[in-house]
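Welcome to a short tour of this structure. Have the coordinates open beside you, and the points below will take you through the fold topic by topic.

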Amino acid sequence: MPTPSNPAPLRTFYGRRKGHALSTRQKNLLKNLLPVLAIELPGEEGSSLDPEILFGPDKSACWLEIGFGKGEHLAWQAERHPQVGFIGCEPYVNGVVGLLTRIEEQNLSNIRICHDEAQPLLAALPRHSLGRVFLLHPDPWQKRRHEDRRFVSQENLDRLAYVMVSGAELRIGTDSSQYVAWTREQMARRRDFRPMTELTAAGSDSDGLDDWPPTRYETKAERRGHTATRLIYKRT
Ligand SMILES: C[S@@+](CC[C@H](N)C(=O)[O-])C[C@H]1O[C@@H](n2cnc3c(N)ncnc32)[C@H](O)[C@@H]1O
């Protein structure tokens, strides 16, 4: 159990970092474009990452997507919200090249990439620096013995509560009813997040989900007959 003198570990990633072999174009994007957009986490304890330095002073807010997969949702948001600076965080290299491809094709200039797990990034961000956070289809870790691997945990919610501004949205999508129940349970223990909306993805536009396109994972899940649930919490 984490305590103030024994905090929760920052590195806990259990997923895959690599998938199928990369094409020449993807290798070139990793070699040439990723270094331009990659976020270097400050090495020294106590120093923090300044979103204003990452994006310049003209951005109205900084939003984060944790585990962006192939990046379709992040690129969609970045294209529609050019006044916002986006940080995408993803340890899976085949996902990162997916986002890099979109950045290049769509000529997006408001995305920076943390090619790593989210916890060290959250630890480096200053207090009240994020205006919105997306956690879309986090790995569900269905087995009981793997519950402590789920991203929605009290430790990660503490980290998010610290970096999110008051009134910021935390959007969580999942097609796992178990993960919905788990999230509700974890959130019920918090005073710093308030439930705003809970929707199923079916019939999106009319339900006010037109600012939330389905991710690749969600589309695949719906093809298998699963229904995605979208949960929105507000940082109090
Ligand atoms: C099931 S996939 C969903 C991908 C994408 N969000 C979508 O909906 O298509 C979960 C993703 O979260 C990433 N992930 C897992 N743990 C993470 C962590 N601690 N920080 C950031 N990303 C993480 C995985 O690498 C994977 O790409």
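Predicted model: local features only at pLDDT ≥ 70, side-chain atom pairs only at ≥ 80, totals over all residues.

- Seven strands make up an open sheet with mixed pairing, and their order is β3-β2-β1-β4-β5-β7-β6.
- β3 and β6 (193-200) are the edge strands, each pairing on one side only.
- On average, neighbouring strands of this sheet are turned by 15° against each other, direction ignored.
- In general, strands of a sheet pair through backbone hydrogen bonds, either parallel or antiparallel.
- For a parallel example, look at β1 and β2, which are joined by six bridges; in this pair, C62 has G85 of β2 as its bridge partner.
- β1 is largely enclosed by the rest of the structure, because five of its six residues are buried.
- For an antiparallel example, strand β5 (residues 164-174) is joined to β7 by six bridges, and the bridge partner of L170 is Y233 in β7.
- Strand β7 (residues 229-235) also pairs with β6, in the antiparallel sense and over seven bridges.
- Across from β7 residues you will find L199 opposite R230 and T197 opposite I232.

**The nonpolar core**

- The largest nonpolar core has 41 residues, and the members that touch the most others are I66, L99, L130 and V133.
- Which residues does I66 touch, not counting those up to four places away in sequence? They are C89, A118, V133, F134, L135 and F151.
- As a general rule, nonpolar side chains in soluble globular proteins tend to be buried together.

**Around the ligand**

- The ligand has 22 residues around it, and G67, G69, H137, T215 and Y217 come nearest.
- By class, the shell around the ligand divides into 11 nonpolar, six polar and five charged residues.
- Helix α8 (residues 216-223) gives the most to this shell, with three residues.

- For context, most residues other than glycine have a negative phi.
- H137, one of the residues that come nearest to the ligand, has a positive phi of about 55° although it is not a glycine.
- You will find H137 in the loop between β4 and α6 (154-163).
- Is H137 buried or exposed? H137 is buried, because 22 other C-beta atoms lie within 10 Å, and 20 or more are needed for that label.
- H128 also has a positive phi, near 55°, and its place is in the loop between α5 (118-124) and β4.
- H128 counts as partly exposed, because it has 13 C-beta neighbours inside 10 Å.

Methods: Residues numbered from 1 in each chain as written. Near = placed C-beta within 6 Å. Helix = DSSP H or I, 4+ residues; strand = E, 2+ residues; numbered from the N terminus. Nonpolar A, V, L, I, M, F, W, Y, C, P; charged D, E, K, R; others polar. Core = buried A, V, L, I, M, F, W, Y, C linked by C-beta atoms within 7 Å. Buried ≥ 20, exposed ≤ 12 C-beta atoms within 10 Å, placed from the backbone. Contact = placed C-beta atoms within 7 Å. Pairing = 2+ DSSP bridges. Axes fitted to C-alpha atoms, helices over the stretch in contact; angles between N-to-C directions.
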